[in-house]
Amino acid sequence: MRKMPKLQSKQQPSDYKQQHAGHNLHHESAVLHVTGKARYVDDLLTPANVLHAYVGMAEQARATITHMNLQPVRQMVGVVDVITIADVPGHTDIGPVFPGDPILAPDQVQFYGQPLFAVLANSYHTARCAAQLAQVEYVSQQPILDETSARAQQATVRPPHTMQRGEWTSALKQAPQRLQIEQCIGGQEHFYLEGQAALAYPAEQGGVTVYSSTQHPTEVQKLVAEVLGLAMHRVIVDTRRMGGGFGGKETQAAQWACLAAVLAVRNQRPVKLRLARRDDMVLTGKRHPFINRADIGFNDQGELQALKLEFNGLCGCSPDLSDAIVDRAMFHADNAYFLPAVQITGHRWLTHTTSNTAYRGFGGPQGMILIEQVMDDIARRVGRDPLNIRLDNLYSGNDRSLTPYHQAVSEPALERVIRELADTSDYWTRRDEIGNWNRQSKRYKRGLALTPVKFGISFTVQHLNQAGALLHVYIDGSIQINHGGTEMGQGLHTKVAQIVAAELGVEMETVEVTSTRTDKVPNTSPTAASSGTDINGQAARNAALTIKSRLIDFLQQQHQAKAEDVVFANQQVNWNGHSMSFAELCQAAYMARISLSATGYYRTPKIHYDRSSAAGQPFFYYACGAAVSEVEVDTLTGMHHLRRVDILHDVGNSINPALDQGQIEGGFIQGLGWLTTEELVWGNEGRLQTDSGASYKIPAIGDTPTQFNVQLLTDSPNQAKTVFRSKAVGEPPFMLAISVWSALRDAISSLDDYRTNPSLDTPATPERVLWALQSMDNHGNTCAKASE
Amino acid sequence: MIEFMLNQELIQWDATVSDLTLLQWLREERQLTGSKEGCAAGDCGACTVLVGQVEEEGQLKYRSINACICFMGSLAGHHVLTVESLQQEGNLHPVQQALVDHHGSQCGFCTPGFVMSLLGWWWNTEPQQLDSEVNFANHRHEVEQALSGNLCRCTGYQPILLAADSLAPRSRADDLLLVDKEKLIARLTAINNSNAQPTTSTWQGFYSPTNVADLSLAYTACPEARLVAGATDLSLELTQKLQPLPSLINLKQITELNQLQQQERHLVIGAAVSLLQMESFLRPYYPAFADILTWLGSRQIRHQGTMAGNIASASPIADTPPALLALDSQVVLQRGSQQRTIALSDFYLGYRQTVLRPAEFIHSILIPLPVARQQFFMAKVSKRKEDDISAVCLALSIVLQSGVVQQVAIGAGGLAATPARARTTESLLQGQTLDHNLINACGNTLAKDFQPISDFRASAAYRRQVTQNLLQDFLQKALSHDALTQEGAA
């Protein structure tokens, strides 16, 4: 740099205090969002010679391909290239952890819709039309679609895992009361509004740059390199933002990026691959359906004594992340409750459906919902209010603090959120009011439930708990921060910018968070497990602290400032009555040849888990919350609606309360969809029948309750040393929606004065609710058959 | 060649390609990527734009529509407003600012659609103070209706609702976008579209006749052409099944088919009348029908879709035919210059089959006016309230005199291959004294009337059960109401 940029003497921002961490800044892209200027992969400007790729899909769920004629595809006007697995130069398996996910099907088809070949054409429409022209002959086999057939054939994607603590066998036998429960928990389509998309540009030396809508740029980079037979340094992956992820772009984005990359390099043309909604729904993995079973022993007051719990995850056709997902279901089998003696087993069954994958909560919701049914069912059995049963069984320190995986729970917020919420939501008054209503109203019945959430924070795979950041300060004082996390709407980039701005005492406008790029920060972890801010925020903070300490050293040498006197605030640096602007200091430091670029790194301390003994400390800390939901059920149709929701959630010291509240509200409503309206139905032949927005119903605006009171727990800094003592918030609130399902069962059981435990599989559609209402005479607890 | 306005620009578009959607054109040819494709089927609203049209009274009225299922040819003479045009003098529009202020976007992909739907709502309502529970509830209902076709997967909608609350009392008068409205009206009115009329069966294009005679001529010349009004169903053949639609004839510009009037014995509804117009028109006559219309599709769909389309698509799960059947409605069909009027119950031949002959079209729908003592009930059962397709839709029209059934008609959707009447049950009830035994007996006859199927929306057993529950509830209510009016009379 020969000539320094001229610095403008800026006025102090009048609302400076609001620039700090801890305040309700709007999302860094909010203005771009509302003006339509925020670009997603399909919005990026492309050169005129861009080509469009699409995949041809199998029309069998389990079959051997005997013949595939691709001539008609090739012959369509506008088609440029057609590839099968044989044309992939490098690895052909893109399984993220274990093998099992071929980039294109070899001769065996594992699920209906599985991509068989990819076609490249001069328009999106042509590529899609051409993809339908293949003539494929199959020898089909009976697909495995449920737990019963998978168990009969011992078809698994991974071996089972068991955790236990205490003498559960004898305790179960000796318990004064026993209950057996079976529940079928439905899966869930992510329905991110932006479908899967990738845009690949060929680079020199056979390399490629890929713009991918992914939560895991590094894994996309690695897999693209592998399928091309390249070293990773030849591949760059860039992710500015996603139009929603929710776990659906943690592993599932890779296939489209890999195919686009292979075709781009092979044809030396830019290639875009974007899935149409219906195909996205058919092709990509979903939340795992679970079949859960419990055998529990308890005393006459409803205190748990022993439990035998079994989780059966339907994993689809390959392992993907199912091992960790079923593990996380098992880790959350206790939710908030101390289980004195317990055995937990988790099975990973294979089904001939698309490979199920990460989804907000990552198995946690499916694990937690079983123990919440246990609480409600015990309450009705012993004739006490479910809230009291929950409080009595809560983790409460001392000899009641050890989880089934031998990590001690010491989380004062857990009991606080429940007790404070019971007060602020008028739980007990409303319990009486609802009792009165139900005695008077014949057709419409109301239900109420309070359920807590205790969610373990950290990746249960230890090595993923690390993050990096790269911070540049330019000589005009402006700052670029790049980190390994991706922005999918959760506001991660906003929080990271707030953290950097707070450490360096500058305005938010000074800090630019750039797109996530594998050539800026390498070897990153997926943005998942709610860990985005915890790990990337801390890494970015460490980078800022490095720069800060260099600048302080410089001030010490040049101006004899004492380190402890230097204050970075208000876009200024002050020491001992001296002051200069941050930008002036940066210029001076540059002139003195001080590096203004730094990396930051963070690894989560303390965590470990030994799978062979099923013991350890897999979680750095727990995030807690509780919700009270009130529902009304129409006994003629089973239709129901949510009258009121109250939530109290613990986010530690919030870095941005508005964004945290957004995560809580959004997570809750997404959980509401999972448990009520969102139903995945497969036909007997293994074809997904609910494959569009017309047939698969995520919550619409009228599903948001009129009374929706969401509060953050006050004065509750994280006990663990996280960035600014905040807590993760992405996933935990999702499970607060279990209160809705619990309230529905409460309303249903009002029909026989809360004596019987209704069986209510999820999603609790009007049909399931109506059958549960009707079964109140027949004493429930049988697992209804999956839909026809 | 057609002309329309896109934001501030006059567009001349060569209408030879009939089946290009507005969204494809905006994104691919104009690089206006603010409008997003979330589903290409009118289910998510991420592509919502406003379309302005100069109405008969000279007013410029804007409606929200899904650009993904709107054919270019239908825009002739309209003003298309996209999210890119809202910022004025570098400032966010009040609607945009409200969403920013209330943290109404997370991933942002659905946001442009919400901006446009909110703008459509804001422009079409008067400023209102939300100072009482009643007007707050009415406001919320109106906002939910306006945004019923916009899905958001991130926010849970709460901040968007709060943004709407903050906008409600604000004056619309200072909206810079509306300053030059008169000029815009003049420009739109000056547009004079003419397009080539089909003369042979091999004709391809998008033709918008302005009178029924031209429509008849064109359709007779090219019976292979498809008729299009709202395109909310037809367009899915293109966007979901990738089937070309090379020859389209548009009904929307035909004045006669836009008629909506009360005649001596009937309500007359032209084939091009939108479902949204129906909502307010029907309310004085059949409020229960109007209520159900608010749950048919989304606001965007109701802006575009028509009742005639709902009938002609012959879907067994269409929501208006059950009501129309129960009300003994008729359809006026026309071919060439010949018209015939038939009962709607005779219109359906089988699954997706109707009596329509080649080159014959629905001209209008005749709904009888309510008669004395007539009671009308309707209910729709679906997994989600907004924008969902019925598992069962049921309508009952009944006339009771001192507890005796004088007239009864039951229309149902989702229970058979076509929307259908419950004839056996009607016979059971007709002329009988309605009492609990008779109401209970309906369960058996309904089982004879309908043998529904199981599909992903509901099982056959559920459909049967819920139909029985609803019908018995309707009858019970009718009986109670009749008893009350008798008391009143006594």
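Predicted model: local features only at pLDDT ≥ 70, side-chain atom pairs only at ≥ 80, totals over all residues.
Across the interface of chain B and chain A, the rule finds 8 salt bridges, a salt bridge being a side-chain nitrogen of Lys or Arg within 4 Å of a carboxyl oxygen of Asp or Glu. In one salt bridge, the side chains of A:Asp42 and B:Arg27 meet at 2.9 Å, N to O.

Residues are numbered from 1 along each chain as its sequence is written, chains are lettered from A and ligands numbered from 1 in the order in which they are written, and side-chain values use heavy atoms, with hydrogens and water left out.

Let us return to the interface. Here 65 residues of chain B are in contact with 76 residues of chain A, contact meaning heavy atoms within 4.5 Å. The two chains bury about 6000 Å² between them, 57% of it on carbon and sulfur atoms; buried area is the accessible area (1.4 Å probe) that two parts lose on being put together, summed over both. On the side of chain B, the residues losing the most area to chain A are B:Arg153, B:Leu242 and B:Lys383, together 15% of what that side buries.

Which residues does A:Leu309 contact, leaving aside its neighbours within four places in sequence? Among them are A:Arg293, A:Ala294, A:Val342, A:Ile344 and A:Leu370.
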